[in-house]
Amino acid sequence: MSIFDNIFHYIGQLYTDRLPYFPTNIRASLMIILFCVIAAIEIYIYILFKRIVKMREEKQIKYWKEHIGNVLANIIVYDETDNTAEIISHFYPRFKKIPLGNKIVNQIVVNEILLYRKNFTGKTAEVLSQLYRKLNLDKKTRKKIANRNWDIKIEGIREANEMEIVELASAIIKYTDDENALLRMEAQAAYIKLSAREPFHFLDRARERILDWHQVVLFEIITKNKKLTIPSFSKWLYSPNDTVVMLCLKLIEHFTQFDAEEELKRLLRHHNPKIVKKSVEIIGKLELANAESFMFEIYFDQSEEIKLEILNAFGRISSGQYADFLSSRIYSTDIKIKKEALYAIKRDPDNGKNKLREIYNQTTPENQALIKHVLDDRIKQE
Amino acid sequence: MREFLVDFEVLFNNSIFYYAIAVMISYVIFTLLSAVEMNSYMKKNSYVNYREILVSPLAPSVSILAPAYNEEATIIENIRSLLSLHYGNYEVIIINDGSKDSTFQRMFDYYKLEKVDFAVNYQIACKEIRGVYKSKLPSFSKLTVVDKLNGGKSDALNAGINVSAKDLLLCIDVDCIVQEDAILKLAKPYLEEKYQVIATGGVVRIANSCKVEDGKLVEVNMPRNLWPRFQVLEYIRAFLMGRMAWSRLNGLLIISGAMGLFDKSVVIKVGGYDHNTVGEDMELVVRMRRYMYEQDRRFKVVYIPDPLCWTEAPADLSILGRQRNRWTRGTLETLWVHRDLFFNPRYGVLGMLSYPYWFFFEWFAPIVEFVGISVFILLAIMGNINWEFSLMLISMVYCFSVLLSTVAIFFEEMSYKQYTKGADVFKLLLAAFLEPILYHPLTVIWAMQGNIHKLRGKNNWGAMTRKGFKKEVVNQTENTAT
């Protein structure tokens, strides 16, 4: 017998004849060894198998992507007619030759059409939209939206959004307040684009949180979409959902909606400090001088963060009414407050810098260092 | 006597066996948790368009803090790389920690620096700041250089915090290669979690033998040297399995010192980095966590599996040994300083799970191993060893270790697949077989050395020599090391 035969024979005996006679820990060890060996071998095989499959898939994807891309590029450069129907009937047979029954190929066609649709407007976009429908891809999109899995639903919503399939807006609205945050956001983003009459209707019914991340996304969509009719966002500042209020505040700031002044004053007494801070910031940016007294009233009851924001707002408004108040703040024990007050004084376009120079000659060395800091334009304000 | 030795051997075998089983069960649980977390992250993030946060005025602002000590050979390139990251609202603060070479002069000349009248608000104690500098060139307006007296990495980071102007702090090692989209990915959890996020970390990878051009990683290769290759395996296991699982449990105790994004307000509240430990990265996270518990505030520390930062691993055994020695001392110091957390229900997951786990399975494990091996050798010399049973127990631990590494490689294959060449994966799988025999015993010895050095009161970083990505660069560190 060779050495390997001996080893196999020994191992065989361990797991058969001798196993019942070993102490518990040794039996457990043998079982763990067996499990580890089998699991490791399975993983090796799986990795190898997965790599081979992936390689084949990648080849297939590369081929079809190139082929479909070529056909779509031909549509773009096709100049024999301007008639959309004629262009589609010319290219439709070429698409019919593509094996759309194959899941991977089907998804490549969808992705490529979406990509081209995103990058072109006018006639080309129209042709691609109609081609999408003619290939019955819109029906698949509808099915995806109705799917049980949230990730498939998102895929469908994205397709509807990119292809601007407006009739799917009614199917999408129900997900705008879904428990799943990702699905909710996708639905909200799509609804804004697809709902012609009431793109912001979802804000009326939003009970779930609009996460900060989603606010970034929605903000981008709303502010970049030139076709949208922008409403007065102040009407949602009464929403019981704080995240709706926050989003609307950001939009009020972006679209400089002065009509929100009264609501902004009211929000200075809101229970959520983030909303108070944002309201103060907007009051400053919109330079709402009438709101200064309201900010002054609440100043002493606020956290340091909000106090800094109020000082900043006074600086932006620079009405002169609170100049003494700002000057008094530079004797605060909090360096941040001092610095912010100095910046606020500096903001006065008429006399800010001179005022600081005047204070410089009369104040403490610590304040002098701060004034030098504030007057140095190479340092950006925190 | 003979009878006693036999009884002792049985007791010894059983103790080691049950301890090993406990460790293995914890690894199995962590593997499952991390699989769930990875899967959820990959699924969620496949729909994310990071460009939106890149251009948005609503994105959180970030200060990058990078301490530099004797980095003259690479500092210009490192800063250039940091200035070209994909993010809108950020600043780069390089803290020259009293370098003895021409690090500061090179920055001064190349970036056309000039001193500004910066009034530093010393919210956190740090050594004297000699000056704050800005570039005269508008294209480098994001750059701020702080020149200070030497005080070590923690001190340099604290000085950077005092100068920073943004809401989040990205603390990094200046010689790391940072992925261009790193800030975008690290900042995202701050915008999407229900509770306040106080820190986020990403996966740190080994860059040895990788191709680097203009401070950017252009080709990922498996390290040619065996020791960094073992570390690749070790890092994949630690980051993709361990830390992802802890992130799932919201029990992370460490965000790598090479790269971590922190909530500035909380960092300031807890007093910044501790100067008295060599494990300042772990200590800060533990202190931030306990502060949040003490304030009764709900929070999260998040880890993301994306490879965001590439670092050069020590290829020389003596340097590697010093690094691991320091890590052990850092762990021990943190565990000692925060010993009141041990099974303290007031601190939730931190007190009841994370701390005890680190105590029993991270700090204590090498000691158990060392004692186990020593007693085994002693018993063998005395002829009191059942060799067949011992071999079975050792085989069990070995097989489990190989399986664990294999699963880690599997995770890597199913997720980011950084090693595209089949040969590289094969090398990694081979390393999984060799690691428990060649590499692991060394880590046990280094950990033991670390414990002994700590008991003897040794508290320095130890010299670190780096080869550098471009050319041979000797970076003798005194206090600041990575």
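The contact between the two chains takes 35 residues from chain B and 36 residues from chain A, where two residues are in contact if their C-beta atoms, placed from the backbone, lie within 7 Å. This is a predicted model, in which local features need pLDDT of at least 70 and side-chain atom pairs count only at pLDDT 80 or more, while totals for chains, interfaces and linings use all residues. Residues are numbered from 1 along each chain as its sequence is written, and chains are lettered from A and ligands numbered from 1 in the order in which they are written.

On the side of chain B that touches chain A, at least two residues each come from helix 1 (2-45), helix 2 (51-55), helix 6 (182-192) and helix 12 (387-414) of chain B. Helices (H or I, at least four residues) and strands (E, at least two) are DSSP runs, numbered from the N terminus. Helix 12 of chain B gives the most to this side, with 13 residues. By class, the side of chain B that touches chain A holds 20 nonpolar, seven polar and eight charged residues. Here Ala, Val, Leu, Ile, Met, Phe, Trp, Tyr, Cys and Pro count as nonpolar, Asp, Glu, Lys and Arg as charged, and the others, Gly among them, as polar.

Chain B also contains an open sheet of ten strands in the order 3-4-5-2-1-6-11-8-12-7, with mixed pairing; two strands pair if DSSP finds at least two bridges between them. Its edge strands, strand 3 (113-116) and strand 7 (177-178) of chain B, each pair on one side only. Strand 2 (residues 90-97) and strand 5 (residues 143-148) of chain B pair in the parallel sense over six bridges, and Ile95(B) has Val146(B) in strand 5 as its bridge partner.

Axes are lines fitted to C-alpha atoms, for helices over the stretch in contact, and angles run from 0 to 180 degrees between N-to-C directions.

In chain A, helix 18 (residues 335-346) and helix 19 (residues 352-362) pack at an angle of about 135°, with their axes 7 Å apart. Leu342(A), Ile345(A) and Lys346(A) in helix 18 meet Gly352(A), Lys353(A), Lys355(A) and Leu356(A) in helix 19.
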